[in-house]
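Work through the exercises below with the model open. Try each task before reading its solution.

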Amino acid sequence: MIRTIDLTSGGTSYRIADLRRLGLGRLPWVHRILIENLVRHGEDLAPLADWIATGRSDAEIAFWPGRVMMHDTTCGPALVDLAAARSALAEAGGDPASLNPVLPVDVSTDHSLAVDVYGSRDAFARNMAREMERNAERYRFMKWAASALDNFTVHPPGTGIMHTINLERLATVVTGRTQDGALWAVPDTLIGTDSHTPMVNGIGVLGWGVGGLEAESVMLGQPVMMRVPRVVGVRLVGRLRDGIMATDLALVVTHRLRQMDLAGRFVEFFGPGVSGLSAGDRSVVANMAPEYGSSTGYFPIDEATLAYLRSTGRAEAAIALVEDYARATGLWFDADAEPIYEEIVEIDLSAVATSLAGPHRPQDLASPAEVAVLMGGDAAPGSPLPRRPIAIAAITSCTNTSDPRLLVAAGLVARKARALGLAPPPWVKTSLAPGSPTAERMLARAGLLEDLEAVGFAITGYGCTICIGNSGPLPDMVVAALDRGEIRPCAILSGNRNFPGRVHPLIDDAFLASPPMVVAFALAGDAQQDITHAAIGTASDGRAIRLADLWPNGSEIDAVLADAVSAKDFAPAYEAAEASPAWATLAAPDGALYPWDERSTYLRRPPFVTTNADSRLGLYAAAPILVLPDDITTDHISPAGAIPAGSDAGRWLAARGEDPADLNVFASRRGNWEVMLRGLFTNRSVANLLAPDIAPGETVFAGTGEHLPLWRAAARYADEGTPVVIVAGHRYGTGSSRDWAAKGAALLGARAVLAAGFERIHRSNLVNMGILPLRLPADHHPATLGLAPRDRIEIDARRIFPHAAVPVLIRHADGGTVRFEAVAEIETERETEILERGGLIPLVLSDRLSRIRA
Ligand code: SF4
């Protein structure tokens with residue numbers, strides 16, 4: 001029986017779970033929140049006594065998040081699935097209107113905005129107009145969902161990036177909620193279909209990124225099933241030095257923690273250094289949790305949390321509830337406490353230096369001077385551009401635009417540069433896309449908006465833009481010099497990822513940096529220039545200007561911030577953006593069932609949403625359709641960027657009347673399984689090790705030896721009744737929480753993926769699509785298995801349970817054999833059930849039908 005006590009806050013009485021009586025004082029704060037969630041949902045803690053006593057447990061627990069967040073590209077596939085599920089339910093005799101999310105779902109419309117126009121004051125309006133034109137059909141669909149589904153809110157284009165919206169507007173930290181007829185106070189918790197969901201951990205809200213499929217199951221009333229997470233404690237000591245930005249700290253934390261294997265583990269920050277960080281600083285660090293490899297980057301609730309809530313205009317009663325609840329339950333931070341962590345890492349904040357990361361991975365730390373070394377010293381003879389021009393300089397991403405301090409620092413660099421008569425060279429594509437529309441008011445009040453505009457950083461929109469690779473075309477002179485083979489352009493951005501091609505298909509090298517550093521590099525325009533020693537530019541009076549002449553100190557930033565940030569900005573800024581006429585006038589269908597249109601090139605009813613599906617388990621001999629090296633990311637598996645006209649996906653669209661010159665990006669076409677299927681593994685850096693010289697996106701069809709696009713080969717294998725599997729190396733599925741990486745494998749007919757190791761969200765997505773993830777033994781790797789097209793992989797997956805040993809026999813076409821046991825990467829009994837029932841959606845739908853029929 002759950003023991004509760006009453007808490008009175010602001011004159012209102014709340015029921016709360018009596019956590020103090022449970023003796024949780026030495027557990028990590030994230031564990032305390034999970035235990036509150038369990039007891040409030042009536043779970044018996046007796047079997048978990050060991051957990052409370054020792055801080056460790058291998059038990060499987062349920063977690064009921066309070067809400068779900070999605071964005072327009074991850075919500076698209078989930079909504080298509082929901083709409084298709086309503087259609088399937090109706091066809092099977094059920095009431096389609098009965099299928100709704102059972103908890104609040106908030107969807108941002110941020111991932112589709114591209115930087116077509118930049119460097120001018122009308123850039124935002126023009127980019128948004130293009131966004132509405134390109135995405136009208138998808139946005140109509142989202143508008144239909146907002147009216148047809150209960151508990152479903154869409155934040156229209158122009159209202160900002162999901163994690164900033166969450167920080168500034170949605171997160172309550174502690175929520176009053178009616179449950180079982182009583183008013184409870186409960187911790188605000190969520191899952192989000194985006195790996196950077198933990199950004200909100202910076203203000204004491206527990207949440208993490210999940211795959212869209214897992215979110216769908218939560219929306220339909222299932223808990224998140226998980227093992228008690230192992231928690232790594234990061235003890236922070238010291239203080240950041242003057243001039244050091246939160247970005248620098250986040251990159252140092254990423255560099256340090258990425259050296260550990262944090263897959264599936266939670267990270268929590270503790271120690272005396274935490275108190276010296278603002279909630280804005282903490283959120284930058286928390287945002288990069290997926291880059292350091294963990295599920296969370298949690299900072300407990302303290303005075304800085306309350307100060308942030310106050311600065312963003314939250315009601316005083318709501319702020320008082322946060323403090324009263326956290327103090328009453330033991331969720332309030334104690335700088336002297338050292339909870340029981342599985343492992344502890346110490347980071348001295350005073351040792352953090354100005355940092356960038358790149359050119360290919362967010363964990364590869366570099367000082368500003370090292371960037372020049374990494375980019376080499378050779379010149380481009382005869383070219384008007386330097387050999388390594390900065391072609392893109394972007395103040396972008398929720399990561400580094402949600403904290404006003406970072407934007408003010410960028411504005412101050414711009415102000416000094418403007419006063420000295422500096423400006424970026426013409427080959428630099430400059431952009432400023434803050435996480436929310438409040439940034440414009442703040443920068444304008446400080447007079448910094450004009451300074452930023454004067455050096456090219458006019459606001460280009462409120463969305464992900466360059467961070468997600470929606471960079472628009474490069475300047476003509478860059479494209480021309482590239483065509484002549486004279487240059488290798490680079491990018492600098494305040495984002496969080498820099499895989500080759502992520503920022504722009506023509507750019508392989510990109511450095512992550514703070515917003516003021518982005519402005520400084522834009523002014524220099526040349527990645528080979530050591531901007532700490534050489535002149536960034538020449539002032540109007542002939543003086544050589546160096547980085548130190550432009551860099552703001554802490555008191556300069558503080559002085560501007562004090563007048564610039566107003567709590568009164570937040571509600572009006574969002575309300576004005578939400579009232580967007582473009583959204584209000586967008587015509588959308590209504591009714592419980594979505595009217596599918598066979599001619600649509602955006603929304604097509606997917607074949608895997610069905611009330612009955614065959615399990616992919618069993619005993620079978622499969623053809624290896626793909627054999628892949630280490631570090632295949634979800635970007636490699638399922639692209640997000642532009643759809644090339646000459647690709648199979650492009651030809652499919654052109655054959656249906658689409659303009660080959662403007663096919664939009666894959667991320668916008670995720671409601672169309674035909675396009676997504678044809679885009680699989682087409683990233684030019686993906687090598688299929690099955691045979692030499694296989695083009696990206698192709699394989700060798702064993703039946704004839706032909707090189708075929710994967711989707712064609714998969715169809716041939718399906719026709720002849722040959723199962724297929726994918727074989728991959730370490731860290732398979734790293735990167736974005738991209739459903740389509742798993743849905744694509746399902747459409748290829750894969751029954752299993754054998755990998756040396758899986759990234760957490762992708763592993764879960766594979767299970768939810770009914771595909772068995774199998775971990776290869778440590779002494780086997782795709783590069784050494786010697787797989788060839790006509791080999792067969794026999795897998796005995798008849799008896800599956802969490803971490804089951806699965807016999808595998810490779811029969812090489814030349815007669816040789818290799819036998820080993822792989823490990824089923826299944827975490828819970830629930831996942832076993834999902835695999836046995838052919839995937840999550842068939843399971844949920846068939847259960848719903850059974851209940852209706854009963
Ligand atoms: S990390 Fe980048 S792509 Fe992801 S939500 Fe933030 S801005 Fe958008």
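A residue counts as near a molecule if one of its heavy atoms lies within 4 Å of it. This is a predicted model, in which local features need pLDDT of at least 70 and side-chain atom pairs count only at pLDDT 80 or more, while totals for chains, interfaces and linings use all residues. Residues are numbered from 1 along each chain as its sequence is written, and side-chain values use heavy atoms, with hydrogens and water left out.

**Exercise 1. The ligand site**

Task: list the residues around the ligand, then divide the shell into nonpolar, polar and charged residues.

Solution. 
- Step 1. The residues around the ligand are H111, I161, H163, D194, H196, S397, C398, C464, C467, I468 and N496.
- Step 2. The shell then gives five nonpolar residues, five polar and one charged.

**Exercise 2. Cysteines**

Task: how many disulfides does the structure hold? Then examine C75 and C490.

Solution. 
- Step 1. A disulfide is a covalent bond between the sulfur atoms of two cysteines. The test used here is a pair of cysteine sulfur atoms within 2.5 Å.
- Step 2. The structure holds zero disulfides. For C75, the nearest cysteine sulfur belongs to C464, 13 Å away. For C490, the nearest cysteine sulfur belongs to C467, 18 Å away.
- Step 3. Classify exposure by relative accessible area: buried is under 20%, exposed is over 50%, and partly exposed lies in between (1.4 Å probe, protein chains only). C75 is buried because its relative accessibility is 0%. C490 is also at 0%, so C490 counts as buried.

**Exercise 3. Salt bridges across the sequence**

Task: which residue forms a salt bridge with R121, which with E578, and which with E338? Place each pair in the fold.

Solution. 
- Step 1. A salt bridge needs a side-chain nitrogen of Lys or Arg within 4 Å of a carboxyl oxygen of Asp or Glu. The whole structure has 51 of them.
- Step 2. R121 pairs with E453, with the closest N and O atoms 2.6 Å apart. R121 is in the loop between β5 (105-108) and α4 (123-148), and E453 is in helix α16 (residues 448-454), 332 residues apart. Helices (H or I, at least four residues) and strands (E, at least two) are DSSP runs, numbered from the N terminus. R121 is exposed at 64% relative accessibility, whereas E453 is buried at 19%.
- Step 3. E578 pairs with R169, with the closest N and O atoms 3.5 Å apart. E578 lies in helix α21 (residues 570-578) and R169 in helix α5 (residues 162-170), so the bridge ties together parts 409 residues apart in sequence. E578 is partly exposed at 29%. R169 is partly exposed at 30%.
- Step 4. E338 meets R235 at 3.9 Å, N to O. E338 is in the loop between α11 (316-329) and β14 (343-348), and R235 is in strand β12 (residues 231-237), so this pair ties together parts 103 residues apart in sequence. E338 is partly exposed at 41%, and R235 is partly exposed at 25%.
- Step 5. Salt bridges that share partners also join D116, R130, E133, R134 and D662 into one network.

**Exercise 4. A584 and K143**

Task: where is A584, and how many residues apart in sequence are A584 and K143?

Solution. 
- Step 1. A584 is in helix α22 (residues 581-584). A584 counts as exposed because its relative accessibility is 55%.
- Step 2. A584 and K143 are 441 residues apart in sequence, but 9.7 Å apart in space, C-alpha to C-alpha.

Note on methods
Ala, Val, Leu, Ile, Met, Phe, Trp, Tyr, Cys and Pro count as nonpolar, Asp, Glu, Lys and Arg as charged, and the others, Gly among them, as polar.
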